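Subject: the structure I promised you

Hi,

Here is the structure I said I would pass on. Have it open while you read, and look up each residue as we get to it.

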Amino acid sequence: MKDFAGRIAVVTGGGTGMGRELVRQLVAEGCNVAMCDVSTEAMAETKRLCEIEKLPQGLRVTTHVADVSIEGQLQRFRDELAEQQSTDKIHLLFNNAGIGGGGSLFTNSRENWEKTFNVCWGGVYLGVRTFLPMLMKADQGHIVNTSSVNGFWASIGMGVSHTAYSSAKFAVKGFTEALINDLRLNAPHIKCSVVMPGHIGTSIISNSRKVLSGTDSDELSPNEIALARQRLEGGGVDTAAMSDDDIQQIARDRARSFRDEAPMTAAAAAKVILDGVKAERWRILVGDDAHRIDELVRQTPERAYDGDFFASLAAEVGWRL
Ligand SMILES: NC(=O)c1ccc[n+]([C@@H]2O[C@H](COP(=O)([O-])OP(=O)(O)OC[C@H]3O[C@@H](n4cnc5c(N)ncnc54)[C@H](O)[C@@H]3O)[C@@H](O)[C@H]2O)c1
């Protein structure tokens, strides 16, 4: 699909980060967008940002509250979209919504683990199931599933467990790669891409916390403070002399620096994704760090989880996670 003007796109997790920037850039190219998110306020802000840039005449941008891990909510989103955009078809499906968390089978709750897995994997799978009939009705379609560098490398560093997110992102990558042939055989007018970003500057750390803890507060709970201590200890930091307020401050600083000191912005990432879709690339790596990690893991897969591999990778790509 070389041109998005006049098309209809679905974007999950359109409230902030890369989802918001995908919505803004699609709209700027004259594409109608239906977005979903768990946050009404965040979607309202995305819509406002689209509107101040002046929507092309007659263009529709609609917002829908839906948790992508719950099939009934996705089906409600699909029905609202059909009604509010007066359509029985869509052309583009961006399964973008995702959260981090549930890293450990030992220190995180099972509920927390499964929520992360069900959002990051289930959201993509159910998104495809829910919207495939509408993509089938279009003359051309494209499914864009967001995985991560953690879809081919299951780590963010030696001191941190990262099982739920990595499992889900590997599943998204495998599913999308297998979908290439399934679409070719059964719906050749639909293409698909797997997106694998490196570190992109977004609020994913604080948003994920809010989804998993079911609160809008930025304050860590006592349980989260205990987990943050464990995580710091795992990274070689002695927290014995730190107060709970110190831990809160470290967590705030970490979320801020993840967003503000990333090698790539969400807007730049969205442009890479949309350019990849236009070029019909099934494999879209986002960021120099993602390209380099891909090369390093392929060169020495047996070493990919060793300390010296991570140390040299982090130094080379400038990661300070
Ligand atoms: N930021 C990065 O460094 C990075 C790297 C690799 C992959 N990713 C992936 O990119 C995608 C976008 O992440 P981002 O960094 O822009 O994060 P973000 O937190 O800024 O945006 C994600 C949006 O999804 C929404 N969301 C969360 N759970 C949801 C649910 N269950 N249903 C519907 N909406 C939900 C959030 O409210 C938020 O608005 C995610 O799949 C993430 O895993 C991010």
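Predicted model: local features only at pLDDT ≥ 70, side-chain atom pairs only at ≥ 80, totals over all residues.

**Around the ligand**

Let's begin with the ligand and its surroundings. There are 30 residues around it, and those that come nearest are Asp 37, Asn 96, Tyr 165, Thr 202 and Asn 207. The backbone takes part here too. Met 18 has a backbone N or O atom 2.8 Å from an oxygen atom of the ligand, and for Ile 200 a polar backbone atom is 2.9 Å from a ligand oxygen. Gly 17 also has a backbone N or O atom lying 3.5 Å from an oxygen of the ligand. How much of the ligand does the protein bury? On its own the ligand would expose 820 Å², and the protein buries 97% of that.

Which helices supply at least two residues each to the shell? They are helix 1 (17–28), helix 5 (163–186) and helix 6. Helix 6 gives the largest share, three residues.

**Helix 7, and which way it faces**

Now find helix 7, which runs over residues 222–234. At 1.5 Å a residue, its 13 residues should span 18 Å, and the C-alpha atoms at its ends are 19 Å apart, so the two values agree. Its buried residues are Glu 224, Ile 225, Ala 228, Arg 229 and Leu 232. Around the axis these cover an arc of only 145 degrees, which means that they sit on the same side of helix 7. There is a handy rule behind this kind of pattern: an α-helix has 3.6 residues a turn, so residues three or four places apart point the same way.

What do the buried residues of helix 7 pack against? Their partners are helix 6 (204–213) and helix 8 (244–260). Just past the end of helix 7 you will find Gly 236, with a positive phi of about 90 degrees.

The buried residues in helix 10 are Asp 289, Ala 290, Ile 293, Asp 294, Leu 296 and Val 297. Among the elements covering them are strand 6 (190–197), strand 9 and helix 11 (307–317).

Gly 287 sits in the loop between strand 9 (283–286) and helix 10 (288–299). Buried or exposed? Gly 287 is buried, with a relative accessible area of 12%. Along the sequence, Gly 287 and Val 317 are 30 residues apart, while in space their C-alpha atoms are 10.0 Å apart.

**Two residues in helix 4**

Helix 4 covers residues 110–136, and Thr 116 is in it. With a relative accessibility of 0%, Thr 116 counts as buried. A polar atom of its side chain lies 3.4 Å from the backbone oxygen of Gly 101. If you leave out neighbours within four places in sequence, the contacts of Thr 116 include Ile 99, Gly 100, Ala 164 and Leu 212.

Not counting residues up to four places away in sequence, Gly 122 touches Val 68, Phe 117 and Gly 127. For a separation across the model, take Gly 122 and Arg 229: they are 107 residues apart along the chain, and 30 Å lies between their C-alpha atoms.

**Two positive phi angles**

Last, have a look at two loop residues. Ser 86 is not a glycine, yet its phi is positive, at about 45 degrees. You will find Ser 86 in the loop between helix 3 (71–84) and strand 4 (92–95), and it is exposed, with a relative accessible area of 57%. Glu 280, also a residue other than glycine, has a positive phi near 55 degrees. Its place is in the loop between helix 9 (266–278) and strand 9. At 36% relative accessibility, Glu 280 counts as partly exposed.

Cheers

Conventions. Residues numbered from 1 in each chain as written. Heavy atoms only, no water. Helix = DSSP H or I, 4+ residues; strand = E, 2+ residues; numbered from the N terminus. Expected span 1.5 Å × (residues − 1). Buried < 20%, exposed > 50% of the residue type's maximum accessible area, 1.4 Å probe, protein only. Arc of directions from axis to C-beta. Contact = heavy atoms within 4.5 Å. Near = heavy atom within 4 Å. Polar contact = N/O pair within 3.5 Å; in protein donor to acceptor, adjacent residues only side chain to side chain. Areas by Shrake-Rupley, 256 points an atom, 1.4 Å probe, with all protein chains shown as cover.
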